[in-house]
Amino acid sequence: MLQHIAAENNLSETAFFVGRDGTYDLRWLTPTMEVDLCGHATLAAAYIIFRELGYRGDVVRFRTKVGELGATYDGTLVTLDFPAWTATRCDEVPAMMADALGWVPCELFKTRDFLAIFRDEDEIRSLKPDPSLLARLDCLGMICTAPGRDCDFVSRFFAPGAGVPEDPVTGSAHSTLIPYWSARLGKKKLFARQLSQRGGELFCEDRGKRVGIGGHAVLYSRAQLEVE
C-alpha cells in the first residue's frame, strides 16, 4: 500500500511516519522502491511534526533501517542529524561512465552511491546524463559535485534505477558529500547548493561520525487519501 501511494505521488521520495511524543518510525519510498535513507522527505516529516502536529520538544527522533536519526527546528531551519559516510576512492572509472554522464569526472569515489568529482560548477550544470546507462551502474545513485562559485560546493544527484531521474535536493547524498568536502576544504561548516531545475540550499556541518544537514521547509498542500 505504501508503494502504491508513493507511485501515485510520483515524487523522488514519499516519507511515511508513525509514532508520538517526538519518537517515530520512519520509512521512505520512491515511485518504484523503498530506500535506506532520504533527507528531503525526513526534513519534511520533521517540519510537519514541529509545525503541524504541535510537538514542543527540542529534538524529533526517527527510528529507521539505518538507525536513529534526529531533527531540530529553530523556527526557521530544520537541521537533520544523519550518519557520515566516508567515500572510498575507485581505482578506475567504469567504461560506460563517460557515456552515462556525458562527461568524464576527474576522480571517482563510492559509498552507497558513486561520487563523481568535477572541476567546476559549469561542468555540473552542463551534465546531460543518459538514464538508461546510469541505471546499469553498480550503485543506488550518482552524485556529481564540484567547487561552487558562491558556495563551498555544488552537486546534482541521479538515480534512474530507483525511479528518480534527477532528485531536486538530496539529503542522503550529503552524508557522503559533507565528509568529502570538509576534508578537502578543511572546514567543519559548509554551505552547499544542489543544481537541479528546482534547486536547493543546504547548511552543512561535519560532526565526525555524524553530519548536520539544514534546510528550509514550506507547507504547500494538505490532502486526505482514500484507501480501500
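Begin by selecting Asp 150 and Arg 193, whose side chains form a salt bridge with 3.2 Å between the closest N and O atoms. Asp 150 belongs to the loop between strand 10 and strand 11, while Arg 193 is in strand 12 (residues 189-194), so this pair ties together parts that are 43 residues apart in sequence. Arg 193 counts as partly exposed because its relative accessibility is 22%. Please note that the model on screen is predicted.

**Further salt bridges**

Next, select Glu 121 and Arg 149, where a second salt bridge may be displayed, at 3.3 Å from N to O. Here Glu 121 lies in helix 4 (residues 121-126) and Arg 149 in the loop between strand 10 and strand 11 (153-158), so parts that are 28 residues apart in sequence are tied together. The two partners may then be coloured by accessibility: Glu 121 counts as buried, at 4%, whereas Arg 149 counts as exposed, at 57%.

Now move to Lys 110 and Asp 138, whose side chains meet in a salt bridge of 3.3 Å, N to O. This pair links distant parts of the chain, with Lys 110 in strand 8 and Asp 138 in the loop between helix 5 (131-134) and strand 10, 28 residues apart. Lys 110 is partly exposed at 23% relative accessibility, and Asp 138 is exposed at 61%.

To see a network of salt bridges, select Asp 81, Glu 205, Arg 207 and Arg 210, which are linked in this way. Across the whole structure, a search finds 22 salt bridges.

**Strand 9 and its neighbours**

Return to strand 8 (residues 107-110) and display strand 9 beside it; the two run antiparallel and are joined by four bridges. The hairpin between strand 8 and strand 9 passes through three residues. Within this pairing, Phe 109 has Leu 115 of strand 9 as its bridge partner.

Ile 117 may be picked out here, standing opposite Thr 145 in strand 10.

In a regular strand, side chains alternate between the two faces of the sheet. Show the side chains of strand 9 (residues 114-117): Phe 114 and Ala 116 lie on one side, Leu 115 and Ile 117 on the other, and all are buried, leaving both faces covered.

**Helix 6**

Select helix 6 (residues 174-185), in which nine of the twelve residues are buried, so the helix is largely enclosed by the rest of the structure. Among the buried residues are His 174, Leu 177, Tyr 180 and Trp 181. Gly 186 follows helix 6 and has a positive phi, near 65°.

Select Leu 2, which is placed in helix 1 (residues 2-9). Leu 2 counts as partly exposed because its relative accessibility is 28%. Leaving aside residues up to four places away in sequence, Leu 2 touches Phe 16, Arg 27 and Leu 29. From Leu 2 to Phe 16 the C-alpha to C-alpha distance is 7.9 Å, across 14 residues of sequence.

Finish with two loop residues. Asn 10 is in the loop between helix 1 and strand 1 (14-20); its phi is near 60°, a positive value in a residue other than glycine, and Asn 10 is exposed at 56%. Asp 21 is in the loop between strand 1 and strand 2 (23-29). Although not a glycine, Asp 21 has a positive phi of about 55°, and Asp 21 is exposed at 62% relative accessibility.

How values were computed: Residues are numbered from 1 along each chain as its sequence is written. This is a predicted model: local features need pLDDT of at least 70, side-chain atom pairs count only at pLDDT 80 or more; totals for chains, interfaces and linings use all residues. Side-chain values use heavy atoms; hydrogens and water are left out. Buried means under 20% relative accessible area, exposed over 50%, partly exposed in between (1.4 Å probe, protein chains only). Two strands pair if DSSP finds at least two bridges between them. Contact means heavy atoms within 4.5 Å. A salt bridge is a side-chain nitrogen of Lys or Arg within 4 Å of a carboxyl oxygen of Asp or Glu.
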